Amino acid sequence: MRYRNGSRVLFFEKTGNFDLTEQVLELYRELSLGAAASNIMLKSYLLLFFGNLLRHYRIGSGEDKAGDRADTRLRDILRYMSEHKDTVTLPELAAQFHFSEGYLSRYLHKEAGQPFSSLLKEIRIEHAAAMLQNSDFSIEEVSRAVGYSDLSRFYRNFKERYGMTPAQFRSINTII
């Protein structure tokens with residue numbers, strides 16, 4: 001640990017080939033959503049970043065703990081949910097990771113702080129917001145792309161999350 005200007009700061013050298021750069025970019029993208037950015041997503045990205053940073057240095061020092069495997073497992077589950085957000089179900093996710101549905105449900109609630117359905121809704125709405133900002137897809141196309149078959153449910157969930165309709169969000173937050 002080094003000290004600079006009287007404050008405690010921990011410095012790490014970037015060595016090896018690990019995906020911290022991509023995680024920093026994901027965190028930046030999430031922060032760029034502004035005040036509407038999700039706390040759970042920001043916390044998740046920060047946990048992933050620091051967890052991987054610590055794991056990288058621990059593995060390099062010969063220490064590989066069971067907790068690391070649990071962190072990796074949660075990260076892998078959340079990544080799978082994000083990559084398959086349009087079709088993933090709890091039974092499919094449980095089968096993919098060789099868990100019973102009940103165990104996976106309890107695990108997600110304990111480790112991620114939310115049940116499967118809330119996590120999936122959060123992932124879908126966050127991806128929808130990014131698509132609305134960065135594309136010219138219609139709202140209906142965005143809704144279908146993130147896994148909503150019911151447009152009114154998409155509108156309801158989006159408004160619950162951001163306090164405005166998808167069209168209002170797009171008009172205020174369009175990047176392209």
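Leaving aside neighbours within four places in sequence, L108 is in contact (heavy atoms within 4.5 Å) with L74, I77, L93, G113, Q114, F116 and L119. This is a predicted model, in which local features need pLDDT of at least 70, side-chain atom pairs count only at pLDDT 80 or more, and totals for chains, interfaces and linings use all residues. Residues are numbered from 1 along each chain as its sequence is written, and side-chain values use heavy atoms, with hydrogens and water left out.

- L108 sits in helix α5; helices are DSSP runs of H or I with at least four residues, strands are E runs of at least two, and both are numbered from the N terminus.
- L108 has 0% relative accessibility and therefore counts as buried; buried means under 20% relative accessible area, exposed over 50%, and partly exposed in between, with a 1.4 Å probe and protein chains only.
- I77 is 31 residues from L108 in sequence, and their C-alpha atoms are 8.9 Å apart.

**Overall make-up**
- The chain holds nine helices and two strands.
- Read from the N terminus, the order is β-β-α-α-α-α-α-α-α-α-α.
- Of the 176 residues in the chain, 35% are buried.
- Among contacts with a separation of 6 or more, 57% join residues 24 or more positions apart.
- The accessible surface of the chain is about 10800 Å², and carbon and sulfur atoms own 54% of that surface; the areas come from the Shrake-Rupley method with a 1.4 Å probe, and for residues only the protein chains shown count as cover.

**Nonpolar cores**
- A nonpolar core is a set of buried Ala, Val, Leu, Ile, Met, Phe, Trp, Tyr and Cys residues joined through side-chain atoms within 4.5 Å.
- The largest core has 18 residues, and I77, M81, L93, L104, L108 and F116 touch the most other members.
- Helices α3 (66-83), α4 (90-96), α5 (101-112) and α6 each give at least two residues to this core.
- Helix α3 provides the largest share, five residues.
- Beyond its neighbours within four places in sequence, M81 contacts V88, L93, F116, L119, L120 and I123.
- A second, separate core has 13 residues, including A129, V146, F158 and F169.

**Helices α6 and α8**
- The axes of α6 and α8 come within 10 Å and cross at roughly 85°; axes are lines fitted to C-alpha atoms, for helices over the stretch in contact, and angles run from 0 to 180 degrees between N-to-C directions.
- The two helices, α6 and α8, are therefore roughly perpendicular, a label for angles of 65 to 115 degrees.
- From α6, the contact uses K121, E122, I125, E126, A128, A129 and L132.
- From α8, the contact uses F154, N157, F158, E160, R161 and Y162.

**R124 in α6**
- R124 belongs to helix α6.
- At 13% relative accessibility, R124 counts as buried.
- K85 is 39 residues from R124 in sequence, with the C-alpha atoms 6.2 Å apart.
- With neighbours within four places in sequence left aside, R124 contacts K85, D86, T87, V88, V146, G147 and Y148.

**Helix α9**
- In α9 (residues 166-173), the buried residues are P166, F169, R170 and N173.
- They span an arc of only 100° around the axis, so they lie on the same side of α9; the arc is that of the directions from the helix axis to the C-beta atoms.
- The buried residues of α9 pack against α6 (116-134), α7 (139-145) and α8 (151-162).
- Exposed S171 and I172 are on the face of α9 turned away from its buried side.

Terms used
Angles under 35 degrees count as roughly parallel, over 145 as roughly antiparallel, 65 to 115 as roughly perpendicular and the rest as oblique.
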